[in-house]
Amino acid sequence: MNNFLFFLFALASIPLMSECPWWSIALTCSVALHAYLASQSYFKVLSFFWTGTISLVVLLIVYNEFGNIFGPEPASAYLVVLGALKLEEVRNRRDTMILLLLNVLMVMYYLLFNQSLAATAYMFLMLFLIAFGLISAQTPRNAWDIVSKAAPRTAIKDIALSAPLFIIMFVLFPRFSTPWASFMGEEKNPVGFSDRLQPGEMADLLQSEEPAFRVTFKNQNSSSSQASLYWRGAIFDETVNGWNWSSHEMQTNINRRANVSSKSDVEYELTLEPRFDKKLFVMEHTEDVQWLDSTNMNPIILSPNSTYISKWPIGSRQTYKARASSESSQAFTLSQSEQSRLTEIKPPSAEVAELVRRLKFNSSLAKDFADNLLKYFQQENFSYVTKTPTMNSLDDFLFQEKKGFCEHFATASAALFRYANIPARVVVGFRGAEPSFFNDYFLIRDKNAHAWMEYYSDEKWHRLDPTSAVSATWIQAGQISDDQSLTGGLGSGRVRQWFRKFSLLYDQAEFRYSQLLLNYNFSAQMELLRWDGSKKWLRTLLIFLTFGLCTLIVWFFYRWSLHFKSQDVLAEAMSRLRSHLLKKNIPIAESDGPLRMTRLCIEKYPDKEKQISDYFSHWIETRYGRKKLTSETLRRLKNYPV
Amino acid sequence: MQRKKIYCFPNRFGMLGFTLFLVILAAAATYQNNLVFMMGFLCLGFAMVAILQTARNLRAVDFLNIHIEPNYSLQSSVAEIFLKNNSAEPVFNIHVKITWLGQPIEFFISEIHSQSMASCRVDVPLNVPRGLYRLRRVNISTDYPYGLFKAWTYAKHIQSYEILAYPLPFGESLPQMQSATSSSDFAGHRSYEPGDSMNRVDWKVYSRRQELHVKDFESGSESKIKLHWNQLDGQDLEHKLSQMSEWIRQAEQSAIEYEVNFPKITLAAGRGEKHFHRCMCELTRLA
């Protein structure tokens with residue numbers, strides 16, 4: 001039992017430890033190891049004084065570090081240590097029970113961090129193991145051999161039998177918010193893009209296969225080419241040296257009147273993964289962004305840059321809908337001060353100035369400048385790589401290394417535009433999309449992160465993706481290319497293909513699971529119970545009656561299954577044996593006892609005389625002798641000799 | 001014996017589990033986490049099933065009998081209960097608690113095999129005055145298989161179980177034995193018969209032959225005595241009872257036949273365990 005408890009604790013605490021601070025992990029592992037060695041009699045167990053002291057000290061450290069002890073992070077840090085300390089003092093059934101219930105708490109805290117299909121499977125596995133542990137704790141030691149085979153079946157069966165009540169409660173339980181929810185808000189560091197842009201920072205993101213968000217298009221014509229899908233996230237329009245960029249703080253809520261929609265508009269729904277970030281990703285020329293859940297109280301703010309952010313960090317999977325027009329329908333006039341700000345940059349080096357002069361050759365048009373810039377990148381054999389040496393300035397990139405990824409190209413291009421006195425800014429977001437397994441949505445992963453730039457001309461902002469000049473394959477496909485530097489390499493093409501298909505299928509299952517169950521909220525509940533018509537009360541009544549009837553049926557079925565067999569099992573077994581022997585053409589009469597049956601069987605099968613004699617001897621001893629009727633005995637009686 | 005309804009309630013671990021369920025629900029509502037809601041409701045459903053399973057563990061158990069050996073008051077006795085498992089599966093962790101005169105006596109049977117009987121013996125102090133007592137209640141309970149709920153039931157018709165506390169033997173020796181001249185001439189061995197005093201068993205013969213034989217002695221005195229209640233006039237009731245109890249005990253130990261005359265009943269001469277208990281029973285019920 002002790003080994004099982006250690007195994008269970010490891011399963012419950014290891015996933016949770018990924019969210020704990022390093023000192024908590026170190027302490028937990030040390031105490032757990034000591035407890036295990038103590039259980040093997042290598043050490044003495046820690047006394048109550050030491051376990052109590054360690055608990056108190058950890059509590060104080062947690063409070064000092066997190067400011068409270070109830071949020072997911074502080075509670076996890078404390079729980080894992082507490083669980084390890086409890087392992088030290090498992091001496092009797094009471095300790096075992098407390099440890100098992102502590103494991104339930106640890107699993108719960110893990111689920112606060114991770115909501116996915118895999119986490120659901122983990123939850124079921126842990127509940128099964130804990131149920132098995134509860135049975136083990138109650139079973140007397142001398143009966144363990146008998147119970148150990150039935151205990152897993154009992155645990156699985158009982159979890160399965162709890163499904164009807166679980167389903168009913170899950171569907172009908174009201175999704176209310178608690179008054180203390182605002183105090184327990186998470187302040188985690190956002191995952192993904194930072195608020196400052198320094199070329200090279202996106203390198204890790206480009207290697208990650210984690211999903212960033214998923215998009216479902218509502219119109220047919222919108223899913224034509226995922227290669228044209230640019231998802232704008234953040235704008236960086238302030239720089240000093242053209243290499244490091246930041247955002248200008250102007251997050252004011254602008255109530256822009258949405259234009260009347262037209263047939264060419266793209267309507268889409270975007271489901272963000274929880275990144276504790278405020279940025280919302282939208283297509284270009286998007287208007288009218290709203291949360292799909294009308295009860296979502298997190299306001300969406302539109303900035304003058306046409307980027308959208310939420311007021312509070314998004315810590316759970318959220319979906320919003322938006323509409324994008326095919327092109328910008330509004331002229332956008334920049335004020336003089338704004339133009340100055342968007343061309344502000346410190347004077348270039350002589351080499352850069354000379355380059356800008358060459359790119360402006362014989363034309364003052366911004367479009368010509370853009371074309372010349374792209375040609376320059378191609379002619380100078382700039383290359384796209386994801387692993388670059390450290391570059392500290394624009395000159396390093398433009399004249400020495402001549403290689404980098406989207407960040408380098410975008411920032412360098414925007415800087416060059418500014419040197420040419422053309423307002424420019426860097427846009428960071430995602431590029432491209434991957435169709436799902438059943439082609440019903442598009443998946444955008446972290447490695448689709450991209451940076452490009454926009455320049456202002458003719459009262460409009462124009463997108464320019466300088467990376468297109470150097471990595472056409474990647475850009476045109478909008479998907480993962482065969483470039484090993486992008487994919488990291490997975491071996492042969494077939495293996496990679498199968499892995500990709502499996503990955504998409506899993507993502508499909510995960511997404512649908514998330515939509516149906518994980519995102520089941522108050523709105524979805526009301527939608528389920530509402531009837532758009534005059535007889536809404538009838539539907540509600542029908543739903544409740546259906547659930548009630550299902551519950552009753554399950555209840556009666558379970559009560560019937562509980563009815564234990566109290567009739568003579570041996571008589572039943574004898575009846576089955578008679579039927580079996582009759583099928584073997586042995587003339588057994590109803591009144592024949594085991595002795596006559598033995599004789600008749602031996603007459604028919606003389607070569608099996610010994611087996612027949614042993615079998616019926618066992619039968620006689622069970623029925624008339626002192627042999628106890630156990631499940632083992634019954635099993636032996638079912639192994640007919642003929 | 002028929003059984004009453006089975007009751008079920010969380011024990012201390014069940015209450016702890018319920019508290020945990022409330023914590024899970026609060027966490028789910030706070031963070032609007034559907035997976036935690038799922039876990040909470042799954043635990044709730046599991047708890048409902050655990051109630052049924054715990055009751056099921058008890059459902060097949062029949063309370064057959066309880067036997068408390070009568071003994072002198074202020075001495076200890078042995079209580080034995082008999083349970084039967086009528087199902088095809090073994091049952092575990094059956095607790096039986098009887099209460100009489102405010103004193104709880106607990107039995108624990110760890111396992112009863114399928115279609116089998118099991119018993120449990122417990123020493124019981126008879127710290128009560130002499131008399132006839134009846135069982136008030138027999139509580140049969142279990143917390144198997146999950147240890148979160150306690151299911152219990154009460155055995156019916158247990159008032160018919162009587163427990164006799166015999167009067168404490170105290171007083172003078174048997175009157176006939178005071179003047180009797182006894183001869184202790186060894187008269188030979190005979191086979192042991194139930195009721196013979198174990199003091200007369202010849203253990204040396206047993207070690208040789210593995211058979212019980214008692215020694216017979218020739219005695220010049222009479223082989224049976226009469227014990228009269230009227231011989232005890234002048235004493236209060238309790239003293240009379242103690243004295244008579246002492247005489248009966250001595251007569252039984254001496255392996256002589258004794259006849260006991262109570263005010264309303266006379267028990268014919270006899271000896272042996274059965275006769276002894278019958279006499280003591282009548283003595284206890286006296287007054």
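Predicted model: local features only at pLDDT ≥ 70, side-chain atom pairs only at ≥ 80, totals over all residues.
## Basis of the model

Local features require pLDDT of at least 70 and side-chain atom pairs pLDDT 80 or more, whereas totals for chains, interfaces and linings use all residues. Residues are numbered from 1 along each chain as its sequence is written, chains are lettered from A, and side-chain values use heavy atoms, without hydrogens and water.

## Overall fold

Chain B contains six helices and 16 strands (DSSP runs: H or I of at least four residues for helices, E of at least two for strands, numbered from the N terminus). Of its 287 residues, 51% are buried (under 20% relative accessible area; exposed is over 50% and partly exposed lies in between, with a 1.4 Å probe and protein chains only).

Among contacts (heavy atoms within 4.5 Å) between residues at least 6 apart in the sequence of chain B, 65% join residues at least 24 apart.

## Surface patches

Chain B exposes about 13,900 Å², of which carbon and sulfur atoms supply 51% (Shrake-Rupley method, 1.4 Å probe; for residues, only the protein chains shown count as cover). A nonpolar surface patch consists of B:Met198, B:Trp203, B:Tyr206 and B:Leu212, which together have about 370 Å² of accessible area. Patch residues have over 30% relative accessible area and no salt bridge; nonpolar side chains (Val, Leu, Ile, Met, Phe, Trp, Tyr) are joined within 5 Å, and like charges within 9 Å. A salt bridge places a side-chain nitrogen of Lys or Arg within 4 Å of a carboxyl oxygen of Asp or Glu. B:Met198 lies in the loop between strand S12 (185-191) and helix H4 (203-209), and is partly exposed at 41% relative accessible area.

A patch of positive charge comprises B:Lys97, B:Arg136, B:Arg137 and B:Lys150. Lys and Arg count as positive and Asp and Glu as negative, with His and the chain ends not counted; each charge is placed at NZ of Lys, CZ of Arg, CG of Asp or CD of Glu. B:Arg137 belongs to strand S9 (residues 137-142) and is partly exposed, with a relative accessible area of 45%.
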